[in-house]
Amino acid sequence: MKKCTKLMSAALMALTSLLPVQAEEVVVANGHHTSSQFPVVMRYYNQNTTRNLTQMIYPASMLTQLDGKKINSVKFFVNEPFQRISGGNIQLAFKVVDDDQFNPYAADPAYGDMTVVAQGAPVKGETELVFNFNEPYEYNGGNLVIEARVTQAGDSDPDGIEEFIGQNIYDEYGYYGLDVCYYSVQLSSGTTLYQDFWYMLPKAAFGIADDAPQYMIGDVDHDGKVSISDVTALIDYLLNGETAPAEADVDGDHNVSIADVTSLIDMLLSGTNN
């Protein structure tokens, strides 16, 4: 038994140098392109309009690490701290759709029946536009439309506005000419100032909610029992950089790491899983 334990310990030590850092959020569209239109049309942020919205389609291929997870926050990033835009209110909404691009010929290209998930606003001095959800949103795959609708005008300076960072998928992601973003600004008089499509996706960081385990602690592969196969499954999660299920947090420190592999092996060797 001691020899077995030593061999396992040696294997764990070797694995430690290979393990990626565990993250509580998933970042997508992390490019070098900038825009003042997405996720919010900044130039007209101080206008009282009947409609000031943007919608962005994040393709399912970008969001595989979110599949089956519950999202509890979204952050967007600017190239310098907010100084010329602040206050007001932005309503964030989600919808999963079949399309991976907008239809520029539709009477109203924007998607309806969106699910409102959060409210937020730019804060002077911050480099992130943060939306914290009241309730987590469960994402189970598909192309995700994110809408940012200005429901209360804030302060905005039309000159020298900060810009959001993102990925120009026209050049960087291989979707040649694919319109993944749409914005519309309409004055209270009914005059449409702007309506346009683009292929720049803003960088977004999706926060993942911690869920209580649905299976017994240590049952990483969800087969209804704790066995050596769960050790293998946990090591695979760590080596592949994938987010492990809540049952993998064997040591209860709210962070799945190599320490949980050690705790799981100890659980099996001591028989406490029976």
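**Aromatic rings: exercises**

At 32% relative accessibility, Trp 198 counts as partly exposed, because that class lies between buried, under 20% relative accessible area, and exposed, over 50% (1.4 Å probe, protein chains only). The model is predicted: local features need pLDDT of at least 70, side-chain atom pairs count only at pLDDT 80 or more, and totals for chains, interfaces and linings use all residues. Residues are numbered from 1 along each chain as its sequence is written, and side-chain values use heavy atoms, with hydrogens and water left out.

**Exercise 1.** Classify the ring pair of Phe 38 and Tyr 183 and locate both residues.

*Solution.* 
- Rings of Phe, Tyr and Trp (its six-membered ring) pair if their centres lie within 6.5 Å; planes under 30 degrees apart are stacked, over 60 edge-to-face, the rest tilted.
- A search of the whole structure gives 11 aromatic pairs.
- For Phe 38 and Tyr 183 the centres are 5.6 Å apart and the planes at 70 degrees, so this pair is edge-to-face.
- Phe 38 lies in the loop between β2 (33-35) and β3 (49-58), and Tyr 183 in strand β12 (residues 181-187), so the pair ties together parts 145 residues apart in sequence. Strands are DSSP runs (E, at least two residues), numbered from the N terminus.
- Phe 38 is buried at 0% relative accessibility, and Tyr 183 is buried at 7%.

Conventions:
Helix = DSSP H or I, 4+ residues; strand = E, 2+ residues; numbered from the N terminus.
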